[in-house]
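Open the structure in your viewer and keep the selection tool at hand. This tour goes stop by stop: what to select, then what is there.

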Amino acid sequence: MHELGVVFKIIDDLEEVALENDLKKISSVTLSLGEVSTVIPEYLDDCWKWARQRSALLEEAELKIETIPAITYCSNCEQTYETVKYAKICPHCGSDQTWLIQGNEFLIKEIEVPDE
């Protein structure tokens, strides 16, 4: 389960942002998570709930996850399609000359702080 390592990296990044911006608490964190990013949202959430308790900055912080759909581009017919549904073979022309153009991202999208 690499999700715990991912959570520790997120926490490190959040602590750095908090230090740079003189934040004492973070109330929620929104992640943009690609549909084929290899991170399992349920595991990530479980690890978050455990790890946040070890940080005064994040002990009450909610984790919000927004899924970015995986989209693949076919260089043969120049169309896009749903990656998860059709994998590497283009459903429009049958070509395997395809490239993932979105859906493997993993980004901290938003940080909310409590009202003072």
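Start in helix H1, residues 3-20, and select Asp13 and Lys9. The two are four residues apart in this helix, so about one helical turn separates them. Show their side chains: Asp13 and Lys9 form a salt bridge, with the closest N and O atoms 2.8 Å apart. Keep in mind that this is a predicted model. Is Asp13 buried, partly exposed or exposed? Asp13 has a relative accessibility of 26%, so it counts as partly exposed.

Select Asp22 and Lys24 for another one of them, where the closest N and O atoms are 3.0 Å apart. Asp22 has a relative accessible area of 57%, and because exposed means over 50%, Asp22 is exposed. Lys24 is exposed too, at 60%.

Now select Glu112 and Lys64. Their side chains meet in a salt bridge, 3.2 Å from N to O. Glu112 lies in strand S6 (residues 106-112) and Lys64 in strand S2 (residues 62-68), so this pair ties together parts that are 48 residues apart in sequence. Glu112 is partly exposed at 28% relative accessibility. Lys64 is partly exposed, also at 28%.

**Aromatic rings**

Next, turn to the rings. A pair of aromatic rings is described by the distance of the centres and the angle of the planes. How many aromatic pairs does a search of the whole structure find? The search finds two.

Select Phe8 and Trp50 for one of them. Their ring centres are 6.2 Å apart, with 65° between the planes, and the pair is edge-to-face. Phe8 belongs to helix H1 and Trp50 to helix H2 (residues 41-51), so the pair links distant parts of the chain, 42 residues apart. Phe8 counts as partly exposed at 38% relative accessibility. Trp50 is partly exposed, with a relative accessible area of 38%.

Then select Tyr81 and Tyr86. Here the centres are 6.1 Å apart and the planes stand at 80°, so this pair is edge-to-face. Look at how the two residues are covered. Tyr81 is buried, with a relative accessible area of 5%, whereas Tyr86 is partly exposed at 34%.

One more ring: select Trp99 and Lys88. The charged end of Lys88 sits over the ring of Trp99, 5.5 Å from the ring centre.

**The nonpolar core**

Go inside now. The largest nonpolar core has 19 residues. Which of them touch the most other members? Select Val7, Leu14, Ile26, Val29, Leu44, Trp48 and Leu58 to see them. Colour H1, strand S1 (28-34) and H2: each of these supplies at least two residues of the core. H1 gives the most, with six residues.

Finish on the outside. Zoom in on Val84, which is placed in helix H3 (residues 83-86). Is Val84 buried or exposed? Val84 counts as exposed, at 53% relative accessibility.

Terms used
Residues numbered from 1 in each chain as written. Predicted model: local features only at pLDDT ≥ 70, side-chain atom pairs only at ≥ 80, totals over all residues. Heavy atoms only, no water. Buried < 20%, exposed > 50% of the residue type's maximum accessible area, 1.4 Å probe, protein only. Salt bridge = Lys/Arg side-chain N within 4 Å of Asp/Glu carboxyl O. Phe/Tyr/Trp six-rings, centres within 6.5 Å; stacked < 30°, edge-to-face > 60°. Lys NZ or Arg CZ within 6 Å of the ring centre and 35° of its normal. Core = buried A, V, L, I, M, F, W, Y, C linked by side-chain atoms within 4.5 Å.
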